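User: I would like to learn how to read the features of this protein model. Could you take me through them step by step?

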Amino acid sequence: MADLSDEEMLAELGVAVEVRPARAHTAREERVIAGFEDIVRFCEKNGRPPCHGEDRDIFERLYAVRLDRLRALPEFNALLAPLDIHGLLRGDFPEPPASGRDGVEEDEAMLAELDVASAASITKLRHVRPYEEKRAAEEIANRAPCKDFKAFKPLFERADEELTSGVRATRRFGENAEIKHGEFFVLGGQLAYVAEVGEEIRAPNGERDARLRVIFANGTESNLLRRSLQRALYKDEAGRRVTDAAAGPLFADEPEEGDAESGTIYVLRSLSDHPEITGKRDLIHKIGVTKSSVESRIAAAADASTYLLAAVEVVATYKLYNINRVKLERLLHDFFAPARLDLTIEDRFGKPVKPREWYLVPLPAIEEAVQRIRDGSILDYAYDPETASLRRIAPTRGGARE
C-alpha cells in the first residue's frame, strides 16, 4: 500500500477532516479588528464611546485616541463595517465633550510617550504612570527659589531643634492625610513647610483641592495642588508628617487613636534623713524618664545610690506619646543643669557617689518647663537658679539666643 498522508489516513478511517480556509485577513487587519472590538465592548458596557480627558481611565483615553485614528483611515471602513453596529466610525453615537484641559492633545502625547504600536498592546501596558501621578511629580520637581526664605529660615531651624530634642516627632504619612497651613512634612529627605493654602477648588473628578505654597528647607518653593503633595508623600517611602509641637499628646492622661506610648516623666522627692536633704526637702527633686512603670523603677530605691539610698515619694508624672524619651530626658537634664544638686554620698560599699539627676528646683518650675516643652516654647527659656524660675531668652539677630 502506498504511503498515505495524515488526511487520507483519517479519511480511510471515516474521520471527517476539517478543511481550514486560508486566513482572510492580514496581521495588520486582525490587529485593527481586535482594537475596534475593544472599543465596541467599552461602548456597550458604558453606554457611550470612549472620551478624552485627564480624569478618564487610562484605557478609555487610549481607546478614544484609537477611535479617532480609525475614523481618519477610510481604508478600514469596509473592514470594520460589520462590527460597527453603533455607528462609531460615522459618529452616530452621541458623545460627551472631552474633560480636562486640551484633552485630545494630551491623550495623543500620552499615546506617543507610551509608544503603543498595536491595538493588542493597549491591554498590556507596563510601567505606566497615571497622568495625575506624573503631574504630581512634575509639580514637586518644578521648584523655584524662595525670594523671602529669610522669613521662613527661623521656622526651619526651630523645627529642626524640636525634632532633635524630641519636642516634635515624625509619623509615616497616610495615617492622617490631612494637610493644613503651618504644618511641616518630610519629602525627599527635606523639611517642607506649608506656608499658604489657597481657596478650595473642585477638581475635574469632583473632589475638592486647593493650591498650596510649600517652602522647602533648601530655600526653594513650589505652588502645587494639595492632592499632588498628598500623592508625593504617599509615594515617598520616607515621606513623613512632622507632629506639631503643641498638638501632642506628648503628655496626656489619655492617648489619641494611633498614638504609641513612649514612657513616663517622673518627679520624685527623697525621704532621706541626710542633713543636706532634710532642710530642703520640698526644693530637691529627682527628674527622670522611664519606659517601665514608675512604681517598679523606684521599688528598690532604698538600696540604690541613684535614689540617695533612701525611699522616695512620687510628686508628679507625665505620660509620653510619640516622642523619643531618651532625647527628652536629656533636654530636661540640660535645661535644669545650672541647678543640679552638688551632693556626695557613700554607697553601700563605702565608695563616694555623686548622683546627677537631683536638682534644687521647686515643683512649679518643673511643671512650667513641662508645659513649655508641650507648647514648643522651651527653647525660648532658661532656668535661673537665682530666682528659681524660668527666664525668657531674648532672640538675637540670625536666630541665635543670648
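Predicted model: local features only at pLDDT ≥ 70, side-chain atom pairs only at ≥ 80, totals over all residues.

User: How many helices and strands does the protein chain have, and what share of its residues is buried?

Analyst: The protein chain has 12 helices and 15 strands. Of its 402 residues, 42% count as buried. A contact means heavy atoms within 4.5 Å. Among contacts with a separation of 6 or more, 65% join residues 24 or more positions apart.

User: Which residues have the most contacts inside the largest nonpolar core?

Analyst: First the idea. A nonpolar core is a set of buried Ala, Val, Leu, Ile, Met, Phe, Trp, Tyr and Cys residues joined through side-chain atoms within 4.5 Å. Here the largest one has 26 residues, and Leu-328, Phe-335, Phe-336, Val-361 and Tyr-383 have the most contacts inside it. Two or more residues each come from strand 8 (261-270), strand 9 (284-290), strand 10 (312-321), helix 11 (325-335), helix 12 (363-375) and strand 14 (381-384). Helix 12 gives the largest share of this core, six residues. A second, separate core has 15 residues, including Phe-36, Cys-43, Leu-67 and Leu-79.

User: How do I read a helix pair? At what angle do helix 2 and helix 3 cross?

Analyst: Axes are lines fitted to C-alpha atoms, for helices over the stretch in contact, and angles run from 0 to 180 degrees between N-to-C directions. The axes of helix 2 (residues 27-46) and helix 3 (residues 58-71) come within 10 Å and cross at roughly 120°. The two helices are therefore oblique to each other (under 35 degrees is roughly parallel, over 145 roughly antiparallel, 65 to 115 roughly perpendicular, the rest oblique). Their crossing is left-handed; that is, the near helix is turned anticlockwise from the far one by less than a right angle, while clockwise would be right-handed.

User: Which residues make the contact between helix 2 and helix 3?

Analyst: Helix 2 contributes Val-32, Phe-36, Asp-38, Ile-39 and Phe-42, and helix 3 contributes Glu-60, Tyr-63, Arg-66, Leu-67 and Leu-70. By class, this contact has seven nonpolar, no polar and three charged residues. Ala, Val, Leu, Ile, Met, Phe, Trp, Tyr, Cys and Pro count as nonpolar, Asp, Glu, Lys and Arg as charged, and the others, Gly among them, as polar. Look at Tyr-63 in helix 3. Tyr-63 is buried, with a relative accessible area of 11%. Tyr-63 and Phe-42 are 21 residues apart in sequence and 8.5 Å apart in space, C-alpha to C-alpha.

User: Is Trp-358 buried or exposed?

Analyst: Check the relative accessible area. For Trp-358 the value is 0%, so this residue is buried. Trp-358 belongs to strand 13 (residues 358-360). Leaving aside neighbours within four places in sequence, Trp-358 contacts residues including Leu-268, Ile-284, His-285, Tyr-307, Leu-308 and Arg-340.

User: What should I look for in the backbone angles?

Analyst: Most residues other than glycine have a negative phi. Leu-308 has a positive phi, near 65°, and Leu-309 has a positive phi, near 55°. Leu-308 lies in the loop between helix 10 (294-297) and strand 10, and Leu-309 is placed in the loop between helix 10 and strand 10. Leu-308 counts as buried at 6% relative accessibility, whereas Leu-309 counts as partly exposed at 28%.

User: Which residues does Ile-179 touch?

Analyst: Not counting residues up to four places away in sequence, Ile-179 touches Phe-173, Phe-185, Val-194, Leu-212, Arg-226, Leu-229, Gln-230 and Leu-233. Ile-179 lies in the loop between strand 2 (170-172) and strand 3 (184-187). At 5% relative accessibility, Ile-179 is buried.

Definitions and conventions. Residues numbered from 1 in each chain as written. Heavy atoms only, no water. Buried < 20%, exposed > 50% of the residue type's maximum accessible area, 1.4 Å probe, protein only. Helix = DSSP H or I, 4+ residues; strand = E, 2+ residues; numbered from the N terminus.
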